[in-house]
Amino acid sequence: MTADHGSPLKLPLVPERRNIRDHVAHALRAALIAGELRPGLVYSAPALAGQFGVSPTPVREAMLDLAKEGMVEPVRNKGFRITAVSERDLDEYTEIRRLVEVPLMGRIARTAPRAELEALRPVAARIVEAACAGDLIGYLEHDRRFHLSLLALAGNERLVEVVGDLRKRSRLYGLTGLAERGVLVASAEEHERLLDLLLVGDAEGAEVCMGDHLGHVRTLWAEGRPADGDVEGDRDGGEDRGSRGGARR
């Protein structure tokens, strides 16, 4: 099923810089995670390029990068279909993150320089501000920066890469609805509580807080994602509504 581009997506304009492809890929990942790009639908590079204000080439290149990450799949002569994420996928992503991030909070509480932890205070505050303002892209960007910067204090770059990849593959479908109900604010405030525990060296409390936070994030995924029957199209060849005068490429 091809996406209907009659209603513009909430995609940011991409600045005129050499790394346009990277900017587009970043914006597309954010749109995927936020649920702006829906699973099962096919999006064409020219249509997305028009909304970004760039040529189709960097959009195609960015989509190919996302295809390598399993987030989209090419559809011959049409564009790229957004791949669905199953409940099992989300459970496994959460399990891996628990195994990595929870014990690391204890290590960071015991070893991280307090000045470097305090430097994350403005980032935690921006997460809350974005959640309160309904700034979904800002929320996701600041949330990612906070978590990966925090993990980096443990000194293991490979673990940061693993968690970063898991975050890319996760999708928080229906983020707009969650934001409107105020659900995101409570999750956002947990970052500040976690930081407080780390700053006083409460290793056990920080581990518990991170475990609870990841559990809450998994709940948000469950609340925001569409039911299996609501995923539009299918992975083997969804209906092209453009051929019936509905959606167009």
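Start by selecting helix 8, where Val160, Val163, Gly164, Leu166 and Arg167 are buried. Look down the axis: these residues cover an arc of only 160°, which puts them on the same side of helix 8. Keep in mind as you go that this is a predicted model.

Next, check the length of this helix. Helix 8 takes in residues 157-169, and its 13 residues should span 18 Å at 1.5 Å a residue. The C-alpha atoms at its ends are 19 Å apart, which agrees. Now zoom in on the start of helix 8 and show Asn156: one of its side-chain oxygens comes to within 3.1 Å of the backbone nitrogen of Arg158.

Time to move to the largest nonpolar core, which has 38 residues. Select Met105, Ile108, Leu117, Phe146, Leu150, Leu194 and Leu198, the members that touch the most others. Helix 8 is among the elements that give two or more residues to this core, along with helix 4 (87-111), helix 6 (121-133), helix 7 (136-152), helix 10 (183-199) and helix 11 (203-224).

Which residues does Leu198 touch, not counting those up to four places away in sequence? Display Met105, Ile108, Ala109, Arg114, Leu117, Leu150 and Ala206 around Leu198 to see them. Then pick out Leu28, Leu37, Ala45 and Val54, which are among the 23 residues of another core, lying apart from the largest one.

For the last stop, go to the loop between strand 2 (72-75) and strand 3 (79-82) and select Asn77. Is Asn77 buried or exposed? Its relative accessibility is 65%, so Asn77 counts as exposed. Check its backbone too: phi of Asn77 is near 65°, a positive value in a residue other than glycine.

Note on methods. Residues are numbered from 1 along each chain as its sequence is written. This is a predicted model: local features need pLDDT of at least 70, side-chain atom pairs count only at pLDDT 80 or more; totals for chains, interfaces and linings use all residues. Side-chain values use heavy atoms; hydrogens and water are left out. Helices (H or I, at least four residues) and strands (E, at least two) are DSSP runs, numbered from the N terminus. The expected span of a helix is 1.5 Å times one less than its number of residues. Buried means under 20% relative accessible area, exposed over 50%, partly exposed in between (1.4 Å probe, protein chains only). The arc is that of the directions from the helix axis to the C-beta atoms. A polar contact is a pair of N or O atoms within 3.5 Å; within protein, one must be able to donate a hydrogen and the other to accept it, and residues adjacent in sequence count only if both atoms are side-chain atoms. A nonpolar core is a set of buried Ala, Val, Leu, Ile, Met, Phe, Trp, Tyr and Cys residues joined through side-chain atoms within 4.5 Å. Contact means heavy atoms within 4.5 Å.
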